[in-house]
Amino acid sequence: MEENAVRLLIRCARHLNHGHGRRPAQERILYLLMRNGNMSQKELLQHMDVAQGSLSEILIKLENQDLVEKKKNPLDARSTVLSLSEKGRAIAVENHKIWRENEEHLLDALNEEEKENLQSICKKLLQSWEV
């Protein structure tokens, strides 16, 4: 039986998100902290597509791996800010480098016109889903 478009999209997403044993949510957090510097958990949540509880769980794992540090917010002692440790920064930089290298090869099977069509279709789908 031939797979429908939705099932094919799901399979493609698995390759994008979980290829090579990666942990996409953890990598995204490390990238966001690398790009933005200190962030509150609330700010991170606004950039992530996860539930509050899931984000808390991921952050605990990152802290236990000494990749992320929590510090008192100098502007508001009641809250904390998250930042990368030196180890976390090194991993974030390496992950970003690997992603950029992989990104160049992800669509190698497509010609330029097909890449443009795919981009157009993805934008159209996202616009309808993110209403």
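## Nonpolar surface patch

Patches are built from residues with over 30% relative accessible area and no salt bridge; like charges are joined within 9 Å, and nonpolar side chains (Val, Leu, Ile, Met, Phe, Trp, Tyr) within 5 Å. Accessible areas come from the Shrake-Rupley method with a 1.4 Å probe, and for residues only the protein chains shown count as cover.

Leucine 106 sits in helix α5. Its relative accessible area is 41%, so leucine 106 is partly exposed. Here buried means under 20% relative accessible area, exposed means over 50%, and partly exposed is in between (1.4 Å probe, protein chains only).

## Model and conventions

This is a predicted model: local features need pLDDT of at least 70, side-chain atom pairs count only at pLDDT 80 or more, and totals for chains, interfaces and linings use all residues. Residues are numbered from 1 along each chain as its sequence is written, and side-chain values use heavy atoms, with hydrogens and water left out.

Helix α5 covers residues 86–106 and holds glutamate 101. Helices (H or I, at least four residues) and strands (E, at least two) are DSSP runs, numbered from the N terminus. Glutamate 101 has a relative accessible area of 40% and is therefore partly exposed. A surface patch of negative charge brings together Glu94, Glu101, Glu104 and Asp108. Lys and Arg count as positive, Asp and Glu as negative; His and the chain ends are not counted. The place of a charge is taken as NZ of Lys, CZ of Arg, CG of Asp or CD of Glu.

Tryptophan 99 is also a residue of helix α5. With a relative accessible area of 30%, tryptophan 99 is partly exposed. Its C-alpha atom is separated by 22 Å from that of asparagine 38, 61 residues apart along the chain.

## Leucine 125 in helix α6

Leucine 125 belongs to helix α6 (residues 112–129). Its relative accessibility is 28%, so leucine 125 counts as partly exposed. Leucine 125 and leucine 107 are 18 residues apart along the chain, and their C-alpha atoms are separated by 19 Å.

Strand β1 (residues 68–73) pairs with strand β2 (residues 76–84). The sense is antiparallel, with six bridges. Two strands pair if DSSP finds at least two bridges between them. Two residues lie between β1 and β2 in this hairpin. Across the pair, glutamate 69 stands opposite serine 83 in β2.

Aspartate 66 lies in the loop between α4 (52–64) and β1. Phi of aspartate 66 is near 60°, a positive value in a residue other than glycine. At a relative accessible area of 53%, aspartate 66 is exposed.

## Salt bridges

The whole structure contains four salt bridges. A salt bridge is a side-chain nitrogen of Lys or Arg within 4 Å of a carboxyl oxygen of Asp or Glu. Side chains of opposite charge can pair when their charged atoms come close. One of the bridges joins aspartate 76 to arginine 78, with the closest N and O atoms 3.0 Å apart. Aspartate 76 is partly exposed at 25% relative accessibility, whereas arginine 78 is exposed at 77%.

Glutamate 69 and lysine 71 meet through their side chains in another salt bridge, at 3.7 Å from N to O. Glutamate 69 is partly exposed, with a relative accessible area of 33%. Lysine 71 is partly exposed at 44% relative accessibility. Lysine 70 bridges to glutamate 63, and the closest N and O atoms are 3.9 Å apart. Lysine 70 counts as partly exposed at 43% relative accessibility, and glutamate 63 counts as partly exposed at 25%.
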